[in-house]
Amino acid sequence: MLTYIVRRLVAAIPTLLGVAAIVFAMLRLLPGDPARVIAGLLATDEDVERIRHQLGLDQPLPIQFLDFFLRLLRLDLGTSARTNQPVMNEILARLPHTIELAVIATIIATIVGVAAGVLAASHHNSRVDYLISAATLFGISMPVYWLGLMLIVVFAISLHWFPAAGADEPLSVVLPSLTLAGFVVALIARMTRSSLLEVLRQDYVRTARAKGLQEWRVTYVHALRNALLPVITVIGLQFGTLLGGAVLTETVFGWPGIGQLLVDSIFARDYPLVQGIVLTFAALFILVNLAVDVLYAYVDPRIRYH
Amino acid sequence: MSTPAYATTEAAVPTPRAAPARAGLETWRRFRRHRAALLGLAVLAGFALLAAAAPLVTPYDPVVQQLRDALQGPSRAHPLGTDFLGRDILARLLYGARYTLIIGFLAVALGLVVGVPLGAISGYYGGWLDLVAQRFVDILLSFPGFLLALSLVATLGPGLENVVISVGIGSMPFFVRLVRASTLSLREQPYIEAARVVGVADVAIIFRHILPNATAPVIVQATVWLGQAILVAAGLGFLGLGVQPPTPEWGAMLGEGRNYIFSNPNLATFPGLAIFAAVLAFNLVGDGLRDALDPRLRTR
C-alpha cells in the first residue's frame with residue numbers, strides 16, 4: 001500500500017511542474033508589456049520599471065523560470081500587485097471559505113446523488129426511474145450561475161428563508177452550497193444508477209437471489225458495495241468541477257472565497273494573485289485526486305497490483 | 001477520363017465508401033426511435049432557424065437603446081419585456097442565439113481539429129511521443145473544469161475569438177483521451193496489421209483505417225461538448241470576461257441581468273432559460289446518438 005502511495009506521489013510531480021510552467025508562461029504571454037499592463041494606464045515610466053523589477057521581468061527568461069520554481073518550493077507565490085501583501089497570505093485568508101463550500105457541496109452531492117441513483121436503479125423502468133433520470137438530465141444541463149440566481153429569487157427574495165449574499169450569517173452557506181452541488185448531484189446519481197444496474201446483472205447477484213435473500217438485502221448489501229467503486233472516482237473527478245463551479249457560485253453569492261478573489265484579480269490585472277490562485281486550484285485538484293486514487297486502491301485491492 | 005478496366009476493378013471490389021451511407025441511414029432509424037433525442041434535435045433546429053431569421057421574427061434591434069422603454073414587464077409589444085436600456089429581451093435572445101451556436105460549434109471544432117489527430121498519433125505510435133502527449137493532457141486536465149478556459153481568457157483577454165480559443169482548448173484534452181483509447185484497441189486489430197504488412201503508410205492507416213472506425217464515440221462526445229462549450233462560454237460572458245456587451249450574448253445578458261435580480265428578475269431568467277434549453281437539447285441529442293451509434297453503450 002505504501003509503495004503504491006509513494007508511486008502515485010512521484011507520478012504527480014511532473015504534472016505539478018507542468019502546471020507551474022503553464023502558470024509561469026501566463027504572465028509572459030500577456031499581449032503587450034506585462035509590466036505596463038499590471039501598472040495600469042496612469043502609471044509613469046518609473047512605476048512600470050519598478051513593477052518590472054519587482055516581478056523579475058528584467059531578468060533573462062531562464063533565470064526568471066528558475067527563480068519562480070525556487071520560490072515556489074518555499075511556497076512563496078510573490079506579492080499582490082494591488083495590495084502589496086504576499087499572495088500566499090491573501091489566498092490563505094480566503095481559502096477556508098472555498099473549502100467549506102466545496103466540502104459541504106460534496107457531502108450534499110454524495111448523499112443525494114447516491115440515494116437518487118439507488119432509488120432509480122432499484123425501480124428500474126418505473127415512473128420513479130424516469131422521473132429521476134429526467135431530473136438528472138436537467139441537473140447536468142443547468143448553468144450553475146443561473147441556478148444560483150433562481151435560488152436567490154425564490155428563497156431569498158420571495159420567501160426570505162435564506163440570505164441572498166455574503167457569508168455573515170450561519171444560513172448564508174445554504175444557497176451557495178446547494179447551487180454548487182446541483183450539477184454534481186445529477187452526475188453522481190446517473191453514475192450510481194448505471195453502475196448499480198450493471199452490477200445487478202452479475203452472476204453473484206443472481207446467486208444471492210437464488211439462495212433466497214430478500215431483494216433489499218441483495219441490492220443494498222451485496223450489489224451496492226461494488227457499484228459504488230466507480231462512483232468514488234467520479235466524486236474525485238467532480239471535485240474539479242466543484243472548484244471551477246466555485247468561481248461562478250462565489251461570484252453569484254458574493255461568497256468571500258478564492259474563486260471570487262480570482263475574478264476580482266483578473267479584472268484588477270493583479271496577475272501575481274491570478275497565478276497564485278490558479279496554481280492553488282490546480283494543486284488542490286491534483287491532491288484530491290491523489291487521495292481518491294489511494295482510497296480506491298484501499299477499497300479495491302486489485303488496483304494495487306497493476 | 002478513366003480507363004474502363006480501372007473502373008471495373010473499382011466496381012468489383014465492394015468499396016468501403018458505400019458503407020457509411022447505409023450506416024448513416026441505420027443510425028438515423030435508431031435515432032428516430034429515441035423520442036427525447038428527436039425533441040432535442042427539434043429544439044436545436046428551432047434555435048438555428050430563429051437565429052438565422054431573427055430580423056424577420058422581431059422588429060427590434062438587439063443593440064439600439066430605447067431608454068424610455070427601460071425595464072418593462074412582458075407585454076404585447078415586448079413579449080419577454082425590456083432590459084435596463086430598453087432593448088427588447090426577445091430580440092436580444094434571438095440574435096444572441098447566433099453567438100451561442102457559433103461559439104459552441106467553433107470551439108468544439110477547434111478541440112476536434114487539434115485533439116483527434118493528436119489522440120490518434122499518440123495512441124498509434126506509443127512510446128515517448130505518447131508519453132509526452134499524455135503528460136501534456138494530464139497537465140491541461142489539472143486545471144479543473146471551468147478554470148482552464150477562465151485562465152486562458154484571463155491571459156488572452158475577453159472577446160469572441162479568445163472565448164472560442166479558450167473553450168476549444170478546454171475541450172481538446174477530452175478528445176485526445178477518447179481517440180487515443182479507441183486507437184489503442186484498433187491498432188491491435190488484424191485488419192490494421194494486414195494493412196501494415198501490405199505496406200500502407202502510417203498516415204494512411206491512421207486517417208483511412210483507424211479514425212473512420214473511431215468516429216462513433218467522438219461524435220457522441222462532440223455533441224455533449226457542444227452543450228458544455230455553451231455552458232463555459234456563457235459562464236465567461238456572465239463573469240464579464242467573455243463576449244462583451246452590448247453584444248447580445250446569452251451569458252453576458254445574464255451577467256447584466258444579475259444587477260436587476262431584486263426588481264426585474266426577467267432580465268436574468270430568460271437568458272438562463274435559453275442557455276439551459278440549448279444545453280439540454282445537446283445533451284438529449286448526445287444521449288440519442290450514443291444509443292443509435294453504439295447499441296453496446298446503450299444507456300439503460
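1. **Helix α1 of chain A.** The 27 residues of α1(A) should span 39 Å at 1.5 Å a residue, and the end C-alpha atoms are 40 Å apart, which agrees. The expected span is 1.5 Å times one less than the number of residues. Helices here are DSSP runs of H or I with at least four residues, strands are runs of E with at least two, and both are numbered from the N terminus. Buried positions in α1(A) are V19(A), I22(A), V23(A), M26(A) and L27(A). A residue is buried with 20 or more other C-beta atoms within 10 Å of its own, exposed with 12 or fewer, and partly exposed in between; C-beta atoms are placed from the backbone. The buried residues of α1(A) pack against α2 (34–39) and α12 of chain A, and against α6 (127–141) and α7 (146–156) of chain B.

2. **Basis and confidence.** This is a predicted model: local features need pLDDT of at least 70, side-chain atom pairs count only at pLDDT 80 or more, and totals for chains, interfaces and linings use all residues. Residues are numbered from 1 along each chain as its sequence is written, while chains are lettered from A and ligands numbered from 1 in the order in which they are written. pLDDT is the predictor's confidence in each residue, from 0 to 100. Chain A has a mean pLDDT of 86, with 99% of its residues at 70 or more. Among its elements, α5(A) has the highest mean (93) and α2(A) the lowest (76). Where pLDDT is low, the predicted coordinates should not be read in detail.

3. **Chain A overall.** Chain A holds 12 helices and zero strands. Its C-alpha trace spans about 85 × 55 × 30 Å along the principal axes. Of its 306 residues, 40% count as buried. Take the contacts in chain A with a separation of 6 or more: residues 24 or more positions apart account for 72% of them. A contact means two C-beta atoms, placed from the backbone, within 7 Å.

4. **Domains.** Chain A is divided into domain 1 (2–73) and domain 2 (95–269). These bounds come from an automatic or database domain assignment. The C-alpha centres of the two domains lie 36 Å apart.

5. **The largest nonpolar core.** Which members touch the most others? Of its 162 residues, they are I188(A), A229(B) and A233(B). Helix α5 (residues 89–125) of chain B gives the most, with 18 residues. Domain 1 and domain 2 of chain A both give residues to this core, so it lies between them. A nonpolar core is a set of buried Ala, Val, Leu, Ile, Met, Phe, Trp, Tyr and Cys residues joined through C-beta atoms within 7 Å. Leaving aside neighbours within four places in sequence, A233(B) is in contact with I103(B), A107(B), V163(B), V167(B), G242(B) and G251(B).

6. **The A–B interface.** 39 residues of chain A are in contact with 35 residues of chain B. Helices α1, α6, α7, α8, α10, α11 and α12 of chain A each supply at least two residues of the side that touches chain B. The largest share, eight residues, comes from α10(A). By class, this side of chain A has 30 nonpolar, nine polar and no charged residues. Nonpolar covers Ala, Val, Leu, Ile, Met, Phe, Trp, Tyr, Cys and Pro; charged covers Asp, Glu, Lys and Arg; the others, Gly among them, are polar.

7. α11(B) has 25 residues and reaches 35 Å from its first C-alpha to its last, close to the 36 Å expected. The helix is mostly covered, with 20 of its 25 residues buried. G240(B) follows α11(B) and has a positive phi, near 90°. P245(B) and P246(B) are joined by a cis peptide bond, with omega about 5°. P246(B) is found in the loop between α11 (215–239) and α12 (250–257) of chain B.

8. **Backbone points to check in chain A.** Most residues other than glycine have a negative phi, and most peptide bonds are trans. L75(A) has a positive phi, near 60°. L75(A) lies in the loop between α4 (61–73) and α5 (87–122), and counts as exposed with 8 C-beta neighbours inside 10 Å. H160(A) has a positive phi, near 55°. H160(A) lies in the loop between α7 (144–158) and α8 (174–200), and counts as exposed with 9 such neighbours.
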